[in-house]
Amino acid sequence: MPGMAKTRRILSWNVNGLRAVHKKGFVDWLAAERPDALCMQEVRADLDQLPPDLREPAGYRAYFTAGERKGYSGVALYSKETPESVSHGIGIGEFDREGRFVVADYGEFLLYNIYFPNGSASAERLDYKLAFYDVFLDHAVELKATGRKVIVCGDFNTAHKQIDLARPEANENNSGFLPQERDWMDRFIASGFVDAFRMFHEEPGHYTYWDFKTRARQRNVGWRIDYFFVSDNLRDRLEDAFILADVPGSDHCPTGITIEI
């Protein structure tokens, strides 16, 4: 029936190279999981570089956004349901050209798949990251003012609270846990968005990223920097939020929500 609520299972995963994770059983994993939508970040490939089973996975519509710089950034959405429309930015060239947005309008809700910048490479990249944050917050506030239901997911490249990383004291001066980055997360939540995972899990030890070089995953010395946020008008529709920490293939793991819309 038109307008009937439907439960959707939506996943998000920084794959650290879609071609790389493809070699590690990604297609079989997708076939087994069968989410209603999968949002991916750090795809790092143009369409012509991908095999058919990644360009058009069975049972899904695929939407890709590539950046101007080859082999860098990039996001993608696999969706069982065909969105009413899909856009690939927020209309600001400085932030759209790096290939960090796929925005799907499903009518009843908007799904934002975003790969937020990493600020650790230089002071200039930290400034870029903070400017990106502020522009997106303004965009999100304007959206909420229209009454739209909004889901925002992706790699935010910031751990919000001390509980969200294994070694907070050692990282207080590192991008990803700087006061100004964490303050932005506070402001984003104060603007009317809910950290879905923390609605269901208040305990420590849950992370979504582990450094490859130090074999941090085996020791669970990680960071929770991949999130699902929902606008507060969707809060009561959340049924579950979770982290699939046992899924290998990337230095990040998938996260997800189950939501009735």
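Predicted model: local features only at pLDDT ≥ 70, side-chain atom pairs only at ≥ 80, totals over all residues.

Biologist: Are the rings of Y133 and W184 stacked or edge-to-face?

Modeller: The ring centres of Y133 and W184 are 4.1 Å apart, and their planes meet at 10°. Planes under 30 degrees apart count as stacked. The pair of Y133 and W184 is therefore stacked.

Biologist: How many residues apart in sequence are the parts that Y133 and W184 tie together?

Modeller: Y133 belongs to helix 5, whereas W184 belongs to helix 6. The pair therefore ties together parts of the chain whose separation in sequence is 51 residues.

Biologist: Are helix 5 and helix 6 roughly parallel or roughly antiparallel to each other?

Modeller: Helix 5 covers residues 123–145 and helix 6 covers residues 179–190; their axes come within 11 Å and cross at roughly 5°. Angles under 35 degrees count as roughly parallel. The two helices are therefore roughly parallel.

Biologist: How do the residues of the contact of helix 5 with helix 6 divide into nonpolar, polar and charged?

Modeller: Helix 5 contributes L126, K129, L130, Y133, D134, F136, L137 and A140. Helix 6 contributes Q180, E181, W184, R187 and F188. Sorted by type, these residues are eight nonpolar, one polar and four charged.

Biologist: How many aromatic pairs are found in the whole structure, and how far apart in the chain are F101 and F132?

Modeller: A search of the whole structure gives 26 aromatic pairs. One of them joins F101 and F132, which are stacked with 5.3 Å centre to centre and 15° between the planes. Both F101 and F132 are buried.

Biologist: Which residue of strand 14 is the bridge partner of I243?

Modeller: Strand 13 (residues 238–243) and strand 14 run antiparallel and are joined by five bridges. In strand 14, I243 has as its bridge partner T255.

Biologist: How many of the six residues of strand 14 are buried?

Modeller: Strand 14 spans residues 255–260 and is mostly covered. Buried here means under 20% relative accessible area. Of the six residues of strand 14, the number buried is five.

How values were computed:
Residues numbered from 1 in each chain as written. Heavy atoms only, no water. Axes fitted to C-alpha atoms, helices over the stretch in contact; angles between N-to-C directions. Helix = DSSP H or I, 4+ residues; strand = E, 2+ residues; numbered from the N terminus. Parallel < 35°, antiparallel > 145°, perpendicular 65-115°, else oblique. Contact = heavy atoms within 4.5 Å. Nonpolar A, V, L, I, M, F, W, Y, C, P; charged D, E, K, R; others polar. Buried < 20%, exposed > 50% of the residue type's maximum accessible area, 1.4 Å probe, protein only. Pairing = 2+ DSSP bridges. Phe/Tyr/Trp six-rings, centres within 6.5 Å; stacked < 30°, edge-to-face > 60°.
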